[in-house]
Amino acid sequence: MTNLPKYVLITPARNEAQFIELTIKSVVAQTVRPLKWVIVSDGSTDGTEEIVNKYVADHPWIELVRMPERRERHFAGKVHAFNAGYASVKHLDYDLIGSMDADISFDPDYFSFLLGKLAEDPALGLVGTPFKDKTIYDYRFVSIEHVSGACQLFRRECFEQIGGYVPVKSGGIDHIAVITARMKGWKTRTFTEKVCLHHRNIGSAERGALNAKFRDGTLDYALGGHPVWELFRTAYQMTREPYVIGGLALLAGYVTASMRRLERPISDELVAFRRREQMQRLKKFLSGRTFEQSKLAPSSCQ
């Protein structure tokens with residue numbers, strides 16, 4: 001354990017009183033605890049801060065940072081909260097930095113497992129595990145090169161090279177980080193031997209299933225998804241709940257964004273890189289390889 005790299009964690013939390021204690025208990029129970037864990041209350045008004053403070057008193061390596069309440073809700077706010085926490089750890093001597101949601105839980109050797117993977121392979125820049133809510137991604141079909149935003153653990157050099165998270169109001173901040181890391185030459189990997197439990201379903205905060213699919217299609221366009229890839233993704237989504245209409249909503253989001261010429265929050269270089277990756281995977285699939293080999297991903301994070 002003493003040879004494992006040192007890590008810090010940052011958790012933006014906005015009104016997470018329902019689940020954050022599960023997350024805190026999971027981190028406190030780790031066989032290898034972080035050097036520092038900064039929980040940033042992003043204007044919480046539901047008792048989140050009171051729950052965190054109970055643990056800060058007994059665990060000096062946990063720090064609570066408060067941000068003022070904001071009326072507007074968007075994904076860039078999560079980045080601003082993360083950056084407030086990042087400012088508190090920059091001066092520390094750590095090797096790895098993790099971004100972790102405030103509504104997940106995991107077993108006591110979760111982080112020691114990920115630390116070990118990063119210690120074994122210096123080319124790994126970003127790692128994580130699948131998350132499970134009502135369902136879990138089938139990693140025969142989803143690329144293990146994507147790392148979900150529920151918990152992303154970066155090598156410090158990798159995080160600094162990609163310039164941290166991009167504050168995009170419409171979302172996709174974790175996707176942009178993963179793709180940029182690969183474009184910079186780092187390996188990214190989800191390790192399926194472990195899983196974290198996601199206690200609030202994705203999209204449940206503000207939107208229903210069809211709205212979520214439409215938004216996913218819009219995000220696919222914004223993050224440079226290739227049109228041909230999107231057609232295959234649409235066909236796949238038609239086989240998943242909500243059947244047929246979910247895929248159509250996805251395609252409608254992509255086409256609508258395309259017709260509006262929605263401004264992309266990423267560089268042309270990153271768009272080109274992402275499309276090359278998608279076409280390479282699609283060619284492998286069409287050449288007769290299995291879904292697992294081709295990594296034809298049904299999720300918008302690919």
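Predicted model: local features only at pLDDT ≥ 70, side-chain atom pairs only at ≥ 80, totals over all residues.
Residues are numbered from 1 along each chain as its sequence is written, and side-chain values use heavy atoms, with hydrogens and water left out.

To take the helix pair first, the axes of H8 (residues 227–237) and H9 (residues 245–259) come within 7 Å and cross at roughly 160 degrees. Helices here are DSSP runs of H or I with at least four residues, strands are runs of E with at least two, and both are numbered from the N terminus. Axes are lines fitted to C-alpha atoms, for helices over the stretch in contact, and angles run from 0 to 180 degrees between N-to-C directions. On the H8 side, Pro227, Glu230, Leu231, Arg233, Thr234 and Gln237 make the contact, and H9 brings Gly247, Leu250, Leu251 and Tyr254; contact means heavy atoms within 4.5 Å.

H8 also packs with H10 (residues 268–286), this time at about 55 degrees and with the axes 9 Å apart. H8 and H10 are therefore oblique to each other. Pro227, Val228, Trp229 and Phe232 of H8 meet a set of H10 residues that includes Arg275, Met279, Leu282 and Phe285.

Now for the sheet. Seven strands make up an open sheet with mixed pairing, in the order S3-S2-S1-S4-S8-S6-S9; two strands pair if DSSP finds at least two bridges between them. S3 (62–67) and S9 (187–190) sit at the edges with a single partner strand each, so one side of each has no neighbour in the sheet. From one strand to the next, the twist averages 20 degrees. S1 (residues 7–13) and S4 (residues 96–100) run parallel and are joined by four bridges, with Val8 opposite Ile97 in S4.

Helices pack on this sheet too. H2 (residues 48–56) touches S1, S2 (36–42) and S3, and its direction makes about 155 degrees with that of S3. H4 (residues 110–120) touches S1, S4, S6 (124–128) and S8 (151–155), its direction making about 35 degrees with that of S8.

Definitions and conventions: Parallel < 35°, antiparallel > 145°, perpendicular 65-115°, else oblique.
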